[in-house]
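Work through the following exercises with the sequence and the model open.

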Amino acid sequence: MRKCIVLSVAILASFLVAIPLTGCEGEVSFTTASLTEATMCQNVDEDFRPVDASDVFATDAEEIFCSVKLSSAPPDTEIKAEWMYIGGELEDVSNYLIDEWSVTTEDTRYICASITRPYNGWPRGDYEVVLYTDCLLYTSPSPRDLSTAR
């Protein structure tokens with residue numbers, strides 16, 4: 001009986017550990033890659049490092065960038081960004097996925113994702129970029145949200 005309980009606990013523990021590793025489309029994902037220094041900015045330099053960091057952008061900004069440092073990424077590491085409109089001027093719209101971007105890369109380097117201005121300009125409100133590495137959600141102690149000028 002005791003062996004059965006120990007085995008059941010071990011199976012349950014391994015299942016609970018596997019749940020957070022479940023990535024996109026039910027795949028189990030583990031990576032040594034890490035994302036740090038996520039920065040919203042007006043532009044990036046030739047190495048994709050942030051230029052003119054900001055959390056507030058004009059409604060007529062042509063393009064908005066998110067620069068992030070990727071470290072220790074093995075070959076074929078997928079980085080994904082989701083640009084979200086959280087809410088604001090558009091009263092009936094919240095947590096809306098504006099666009100997605102992804103790249104497959106490796107090593108330690110800066111990468112960037114950008115989004116271009118809609119035809120009628122950016123609606124005033126709060127926006128967010130959600131970052132993933134190999135389908136695992138990247139979270140930082142202080143998430144980088146951006147708000148257009150109010």
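Among contacts in the protein chain between residues at least 6 apart in sequence, 68% join residues at least 24 apart, where contact means heavy atoms within 4.5 Å. The model is predicted: local features need pLDDT of at least 70 and side-chain atom pairs count only at pLDDT 80 or more, while totals for chains, interfaces and linings use all residues. Residues are numbered from 1 along each chain as its sequence is written, and side-chain values use heavy atoms, with hydrogens and water left out.

**Exercise 1. Describe the order of elements in the chain, and state which element has the lowest mean pLDDT and which the highest.**

Step 1. Elements are DSSP runs numbered from the N terminus: helices are H or I with at least four residues, strands are E with at least two. The protein chain has one helix and eight strands.

Step 2. Along the sequence the pattern reads α-β-β-β-β-β-β-β-β.

Step 3. pLDDT is the predictor's confidence in each residue, from 0 to 100. The chain averages 78, and 72% of the residues score at least 70.

Step 4. Over residues 1-23 pLDDT stays under 50, and the model has nine contacts beyond four places in sequence for them. Residues 140-145 are also below 50, with eight contacts beyond near neighbours in sequence.

**Exercise 2. Find the residues that line the largest cavity and classify them.**

Step 1. On a 1 Å grid over the protein atoms alone, a cavity is a set of points where a 1.4 Å probe fits but cannot get out; lining residues have an atom within 4 Å of a point. Grid points are joined across faces, edges and corners, and a volume is the space filled by probe spheres set on the points.

Step 2. The structure holds one cavity of 30 Å³ or more, and the largest cavity has about 30 Å³ of space.

Step 3. Its lining consists of C66, V68, I79, A81, W101, I111, C112, A113 and L131. At least two lining residues are supplied by each of β4 and β5.

Step 4. Ala, Val, Leu, Ile, Met, Phe, Trp, Tyr, Cys and Pro count as nonpolar, Asp, Glu, Lys and Arg as charged, and the others, Gly among them, as polar. The lining is therefore nine nonpolar, no polar and no charged residues.

**Exercise 3. Is T31 buried or exposed, and what is E62?**

Step 1. T31 is found in the loop between α1 and β1, and with a relative accessible area of 13% T31 is buried.

Step 2. Leaving out neighbours within four places in sequence, T31 is in contact with P74, T77, T133, D134 and L136. The C-alpha atoms of T31 and L136 are 8.7 Å apart, although 105 residues separate them along the chain.

Step 3. E62 lies in the loop between β3 and β4 and is exposed at 54% relative accessibility. Beyond four places in sequence, E62 is in contact with I115, T116 and R117.

**Exercise 4. Where are D52 and S72, and what are their phi values?**

Step 1. Most residues other than glycine have a negative phi.

Step 2. D52, in strand β2, has a positive phi near 60° and counts as exposed at 53% relative accessibility.

Step 3. S72, in strand β4, has a positive phi of about 55° and is partly exposed at 44%.

Methods. Buried means under 20% relative accessible area, exposed over 50%, partly exposed in between (1.4 Å probe, protein chains only). On a 1 Å grid over the protein atoms alone, a cavity is a set of points where a 1.4 Å probe fits but cannot get out, and a pocket is an open set with protein on both sides within 12 Å along at least five of seven lines; lining residues have an atom within 4 Å of a point.
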